[in-house]
Amino acid sequence: MPKLVLKAGSRPPWVGLAAAVWVEIAAGNTYNFPLYSSTLKSVMGYNQQQVTLLGVANDIGENVSILPGIACNKFPPWALLLVGALLCFLGYGVLWLAVSQTVQNLPFWLLWLVLCIGTNSCAWFGTAVLVTNMRNFPRSRGTVSGILKGYIGISAAVYTVICGMVLHDSASNLLLFLALGIPFLCLAMMYLIRACTPASGEDSSEHVHFIFTQVSSVLLAIYLLLTTVISDTVSLSGTVSYILVAIMVILLMSPLVIPVKMTFFPAKKLGPPVDSSDDSVGSTQKDPLLTPTSSPTHLGYFHESEDASDVETLLAVGVGAVKKKRGPRRGEDFKFCEALIKADFWLLWFSYFLAVGPGITVLNNLAQIGVALGVDDTTLLLSLFSFCNFVGRLGSGAVSEHFVRSRTLPRTFWMICAHIVMTISFLLYALSLTSTLYIATALLGICYGVQYSTMVPTASEIFGLKHFGIIYSTMALGNPIGAILFSALLAGYVYDTEAATQGGPTCLGSNCFRLTFLVLAGVCGLGTILSIILTIRVRPVYQLLYAGGGFRLPQNTNH
């Protein structure tokens, strides 16, 4: 990774986090597919199978982030944001040309390709801000992950409000907004999102700032939920609609209060200033933040699970028989190829995959699930899942951060809990009762969000932040693979088979998804077992990293 000069000072990281909120909203552009897919279908004359294939393109573009994962270690954040802006402009620009019929008779394969390109901007935006902010706040990885993933979770509601109140539910106007508005927004945020020097010690005000940001996001989510309900039940004038949108924008800007407050009311420094002018990524000088623990108890516990052959290796080195440089231990910085051969990597990958795969299956088929069980209007189901997804993302970040500091409880413990609750949720779905449908949807939405926000900091803590981008991107592949296996193949096959038995294109009744739900319950049960094994294995890592109630890095790390 090239040496990049870090931005010094305590204020720039918070400016970057406030700007990242807007970029994460932009990264939620993939959630707009339901808002324009019906218009695209009618204008282009597509059948439902072709629309489903476009939905697959939407999922692939959103989750395939290997290239941005590699690029984040070679280029500054603004370069990734620039690439994302170009992809967004190109992809959604061509879709706008098709929907507005400015250019006619575009082939299906071209629209499939440009949809992949446009939605892949989400991967570039999300990777740039997530990796940068995780490195800027290495002591609060769970909290940062929860906040950023939470804003992506509520971005769908933001776009719904904009589309309904400003763009007048026009698919053409929405695609034009995505093609021009999102690139402009990200270009405006490019300079603000920068790699910064982390704080050199514990800062009590940092905790207060994070609480303020979390409360702001919760207020925004509640406001969006109420605004959506009001706009669906009451006819609003243009003036009132614009006022409501303006309030939403103000709430989105609320994280900027923190750097503004730090500018006009700077905290009093109790010690001599720390000279960080020579700090750079890849520097060999040890930052006080990264000072290893000196407790022999925790160090011994941390290393006791390593191979016993280390003793023989050390003896051989002592007599000059062999000279071997040991690889990184868990908690240190791993290269991607080094992480790829570790059991913990695949335990985490499969634990995540066996959770988000079933989750995305329900999300992609939630409207059909509601119709099959006799729910006429599935909008409430979708809104309930989205809101609970946000709650899970934000809440798991804060809760896991609290317990990992106070009890050195591994974050993967919450993956276990989420897997268990997801298993219960699918069994509730299998009952095929309207009374349990909403309960199951709420529980599943929360657990789906928990899995997202837990995986991110866990991967960074086990394998380090130096190559976190590519490691995180590989973990994220569990989402599209799960969508293909569990949604397209399993749920789609079961649904179509039952619909054919009923003699129509639409399936009604409990048998449409019951087999799917039972299989997914078993899948989550397997995920529970893998999460338990992973938690037992990584417990010593967390006892080292958080031994003193604060984040520490093990010795010999290169971060």
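The following questions and answers concern local features of a predicted model.

Reader: What distance separates the end C-alpha atoms of helix 21, and what span should its residues give?
Author: Helix 21 runs over residues 478-502 and holds 25 residues. At 1.5 Å a residue, these should span 36 Å.

Reader: On which residue is the kink in helix 21 centred?
Author: The axis of helix 21 bends by about 30°. Just after this helix, Gly-503 takes a positive phi of about 80°. The kink itself is centred on Gly-492.

Reader: What kind of aromatic pair do Phe-334 and Phe-463 form?
Author: A pair of aromatic rings is described by the distance of the centres and the angle of the planes. For Phe-334 and Phe-463 the centres are 5.3 Å apart and the planes lie at 85°. Planes over 60 degrees apart count as one class, so the pair of Phe-334 and Phe-463 is edge-to-face.

Reader: How many residues apart in sequence are the parts that this pair ties together?
Author: Phe-334 lies in the loop between helix 14 (309-318) and helix 15 (336-340), whereas Phe-463 belongs to helix 19 (residues 434-463). Phe-334 is buried, with a relative accessible area of 1%, and Phe-463 is buried at 0%. The pair therefore ties together parts whose separation in sequence, in residues, is 129.

Reader: Which residues form one aromatic cluster with Phe-334 and Phe-463?
Author: The structure holds 27 aromatic pairs. Besides Phe-334 and Phe-463, the cluster comprises Phe-345, Trp-346, Trp-349, Phe-350, Phe-353 and Phe-486.

Reader: Asn-105 and Thr-408 have positive phi values; which of them is exposed, and which is buried?
Author: Most residues other than glycine have a negative phi. Phi is near 60° for Asn-105 and near 50° for Thr-408. Asn-105 is found in the loop between helix 5 (77-99) and helix 6 (108-119), and Thr-408 in the loop between helix 17 (379-406) and helix 18 (412-431). With a relative accessible area of 74% the exposed residue is Asn-105, and with 14% the buried residue is Thr-408.

Definitions and conventions: Residues are numbered from 1 along each chain as its sequence is written. This is a predicted model: local features need pLDDT of at least 70, side-chain atom pairs count only at pLDDT 80 or more; totals for chains, interfaces and linings use all residues. Side-chain values use heavy atoms; hydrogens and water are left out. Helices (H or I, at least four residues) and strands (E, at least two) are DSSP runs, numbered from the N terminus. The expected span of a helix is 1.5 Å times one less than its number of residues. The bend at a residue is the angle between axes fitted to the seven residues ending there and the seven starting there. Rings of Phe, Tyr and Trp (its six-membered ring) pair if their centres lie within 6.5 Å; planes under 30 degrees apart count as stacked, over 60 as edge-to-face and the rest as tilted. Buried means under 20% relative accessible area, exposed over 50%, partly exposed in between (1.4 Å probe, protein chains only).
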